[in-house]
Amino acid sequence: DWYPKWKSNENTCSNDGQYEPYMKKSKFVKGSLEECCNAYYSWAFDDCMVLGGADKSTASNLDDFYVDYYSNSCKQSCFEKDATDTKN
């Protein structure tokens, strides 16, 4: 069961079972990460998928821009390189 992590600053879904009871009753809980990301984070779909645990190779819309409502700014859907990431 995948649900949107609206209480965090991450644009992703989780399957940790910590969703509020109303989410199940109101059908906010989805059957897959992809379904959840598409339903609730379509503007940041790739980020949602990767933050939710999907492989970066599943990302499809890198370099697209989206609105980040938390910071009231425009952001680009791209992955930040880290020191251990040699594929990016």
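Asparagine 11 is buried, at a relative accessible area of 11%. This residue sits in the loop between β1 (3–4) and β2 (13–14). Beyond four places in sequence, asparagine 11 touches Tyr41, Trp43, Ala44, Asp47, Cys48, Leu51, Tyr66 and Tyr70.

**Confidence and overall layout**

The average pLDDT of the chain is 82. A score of at least 70 is reached by 77% of the residues. Residues 81–88 are another matter: there pLDDT stays under 50. For that stretch the model has 5 contacts beyond four places in sequence. Where pLDDT is low, predicted coordinates should not be read in detail.

The chain holds 3 helices and 4 strands. Starting at the N terminus, their order is β-β-α-α-α-β-β. Of the 88 residues, 31% count as buried. Among contacts with a separation of 6 or more, 38% join residues 24 or more positions apart. The accessible surface of the chain is about 6,000 Å². Carbon and sulfur atoms account for 47% of that surface.

**The nonpolar core**

Which residues make up the largest nonpolar core? There are 11 of them: Trp2, Cys13, Leu33, Cys36, Cys37, Tyr40, Tyr41, Phe45, Cys48, Met49 and Ala54. Two elements give two or more residues each, namely α2 (33–40) and α3 (45–51). The largest share, 4 residues, comes from α2.

Cysteine 37 belongs to this core. Residues up to four places away aside, cysteine 37 touches Cys13, Ser42, Phe45, Cys48 and Met49. Cys48, also a core residue, is among the contacts of asparagine 11 as well. Tyr41 is another core residue that asparagine 11 touches.

Serine 14 is found in strand β2. Is serine 14 buried or exposed? Its relative accessible area is 9%, under the 20% limit, so serine 14 counts as buried. Neighbours within four places aside, serine 14 is in contact with Asp1, Trp2, Tyr3 and Lys5. A polar atom of the serine 14 side chain lies 3.2 Å from the backbone nitrogen of aspartate 16.

Aspartate 16 lies in the loop between β2 and α1. This residue is partly exposed, with a relative accessible area of 41%. The side chain of aspartate 16 also reaches tyrosine 3, through a polar contact of 2.7 Å. The two residues are 13 apart in sequence. Their C-alpha atoms are 8.9 Å apart in space.

**Salt bridges**

The structure holds 2 salt bridges. In general, side chains of opposite charge can pair when their charged atoms come close.

Aspartate 1 lies in the segment before β1, and lysine 24 lies in helix α1 (residues 21–25), so the pair ties together parts 23 residues apart in sequence.

| Residue | Relative accessibility | Class |
|---|---|---|
| Aspartate 1 | 47% | partly exposed |
| Lysine 24 | 43% | partly exposed |
| Lysine 7 | 76% | exposed |
| Glutamate 20 | 33% | partly exposed |

**Cysteine 74**

Where is cysteine 74 found? The residue is in strand β4 (residues 73–76). Cysteine 74 counts as exposed, at 58% relative accessibility. Leaving aside neighbours within four places, cysteine 74 is in contact with Phe65 and Tyr66. Tyr66 is also one of the residues that asparagine 11 touches.

Methods
Residues numbered from 1 in each chain as written. Predicted model: local features only at pLDDT ≥ 70, side-chain atom pairs only at ≥ 80, totals over all residues. Heavy atoms only, no water. pLDDT = per-residue confidence, 0-100. Contact = heavy atoms within 4.5 Å. Core = buried A, V, L, I, M, F, W, Y, C linked by side-chain atoms within 4.5 Å. Buried < 20%, exposed > 50% of the residue type's maximum accessible area, 1.4 Å probe, protein only. Polar contact = N/O pair within 3.5 Å; in protein donor to acceptor, adjacent residues only side chain to side chain. Areas by Shrake-Rupley, 256 points an atom, 1.4 Å probe, with all protein chains shown as cover. Salt bridge = Lys/Arg side-chain N within 4 Å of Asp/Glu carboxyl O.
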